[in-house]
Amino acid sequence: MIAARVMRAMATPVFGHLDPAFIPLLDDVRERLKRLFQAPEGSFMFAMSGTGTSGMEATIANLVRDGTRVLAVVTGYFGEQLVEMCRRYRATVSRVDGEWGRAVDPEAVRVALRTSGTGAIDVVACVHAETSTGVLNPIREIAALAREHDALTLVDVVTSLGRHPVDVKGWALDAVYSCTQKCIGAPSGMSPVAWTPLAHSRRVASRSFYFDITLLEDYWVRRKYHHTLSSTLIYALHEALVALEEEGLENRWERHRRHHLALVRGLEAMGLHLLPPAADRLWTVNAVRVPPGIDEAAIRRRIVDRILDRNWRRPRSPGRQDLAGGPDGIQFDAPLLLLFLSALEHVLRTAGYKCIPGAGVSAASDALASEGEIERAGQPS
Ligand SMILES: Cc1ncc(COP(=O)(O)O)c(C=O)c1O
């Protein structure tokens with residue numbers, strides 16, 4: 001959910017996308033993105049207009065042409081999307097398929113690259129955080145293997161950038177894209193991209209005009225018209241990046257790790273299990289196995305419609321201005337985590353699921369207290 005300060009930033013008067021007063025903000029966004037991605041010197045940092053899929057398309061459109069040899073690592077829905085898009089750009093795609101719900105074994109990638117032979121694969125494409133299964137793939141190891149075989153890496157960090165470590169320079173990634181609406185904390189509509197000097201040196205002539213990196217660089221760096229960027233979305237992205245740096249990137253990673261672990265403790269105390277094994281889990285998406293006989297869609301609808309919306313997300317009536325800021329200011333913090341578990345227990349038990357009342361909240365609150373996130377009963381405040 002989006003912080004109130006980010007929502008407020010979008011009320012800033014709209015500047016033209018080439019207005020001299022707007023340009024310093026764009027430059028600052030690029031600098032902040034460089035720090036967030038930990039991108040090497042000389043990288044072209046920008047935010048593509050559109051959602052995460054637009055960053056996927058921008059990176060593919062500039063690295064893939066007829067016959068480009070792509071090795072796609074597929075462990076879920078978004079890996080399949082990478083394959084589909086590379087095929088539409090007429091790549092010759094080979095695949096390493098991992099079991100859905102498990103991180104891919106880098107050994108499988110090593111074998112595929114070795115079988116193809118050095119120089120036989122141009123691009124290794126992989127999703128870092130596979131949202132569809134809640135799995136984190138070992139991108140660092142995959143990128144090192146790609147480098148050994150002189151292949152570039154094209155990486156989707158849509159569900160990781162900002163909440164899991166991503167180190168474009170340290171891991172030697174080449175073309176990397178994300179989105180604004182998940183881990184960065186802004187509305188959807190922009191897709192931050194890190195395009196390194198190596199990616200640039202191997203770019204292909206883009207068959208897409210809109211996604212042409214050279215034309216995009218003309219705008220972002222050389223201030224030449226390409227398309228009309230939304231300054232409102234840039235204000236939001238900028239404010240979200242400022243908030244992120246105020247918290248500190250490592251603090252934010254750590255906060256999400258702690259909350260993930262506390263949530264898992266709570267879920268397990270309720271007898272629920274996550275799909276991926278502990279070592280493969282995302283901190284940002286917790287994929288829970290649905291107990292037999294439970295209608296998962298109905299449970300989700302009840303939690304969102306009847307509990308979370310009722311308390312936070314519904315627009316306030318004009319008579320409740322005292323509560324303004326509540327609906328959009330909500331962050332997934334410790335109290336919300338406990339509220340969520342209690343709501344989940346309530347709706348599951350109403351649907352006939354058997355678990356010890358209060359067990360989830362109690363286990364999660366113990367985990368949060370042991371990390372100093374909330375006070376234990378009797379502890380001085
Ligand atoms: C891993 C991953 N990649 C790509 C996308 C596509 O992003 P968008 O829906 O913002 O276009 C998503 C969306 O959920 C995603 O989770």
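## Ligand contacts

In this predicted model, the side chain of Thr51 places an N or O atom 2.6 Å from an oxygen atom of the ligand. Asp156 has a polar side-chain atom 2.6 Å from a nitrogen atom of the ligand. Polar contacts are pairs of N or O atoms within 3.5 Å. The protein buries 86% of the 390 Å² that the ligand exposes when taken alone (accessible areas by the Shrake-Rupley method with a 1.4 Å probe).

The residues around the ligand, with a heavy atom within 4 Å, include Gly52, Thr53, Phe78, Val127, Gln181 and Lys182. By class, this shell holds four nonpolar, six polar and two charged residues, with Gly counted as polar.

## Nonpolar cores

The largest nonpolar core comprises 88 residues. Such a core joins buried nonpolar residues through side-chain atoms within 4.5 Å, buried meaning under 20% relative accessible area. Phe37, Ile60, Val124, Leu154 and Trp220 have the most contacts inside this core. Helix H9 (residues 231-247) contributes the most, with eight residues; helices are DSSP runs (H or I) of at least four residues.

Phe37 touches, among others, Met45, Val157, Leu161, Pro192 and Ala194, leaving aside residues up to four places away in sequence (contact: heavy atoms within 4.5 Å).

## Basis of the values

Residues are numbered from 1 along each chain as its sequence is written, and side-chain values use heavy atoms, without hydrogens or water. Local features require pLDDT of at least 70 and side-chain atom pairs pLDDT 80 or more, whereas totals for chains, interfaces and linings use all residues.

Methods: A polar contact is a pair of N or O atoms within 3.5 Å; within protein, one must be able to donate a hydrogen and the other to accept it, and residues adjacent in sequence count only if both atoms are side-chain atoms. Buried means under 20% relative accessible area, exposed over 50%, partly exposed in between (1.4 Å probe, protein chains only). Helices (H or I, at least four residues) and strands (E, at least two) are DSSP runs, numbered from the N terminus.
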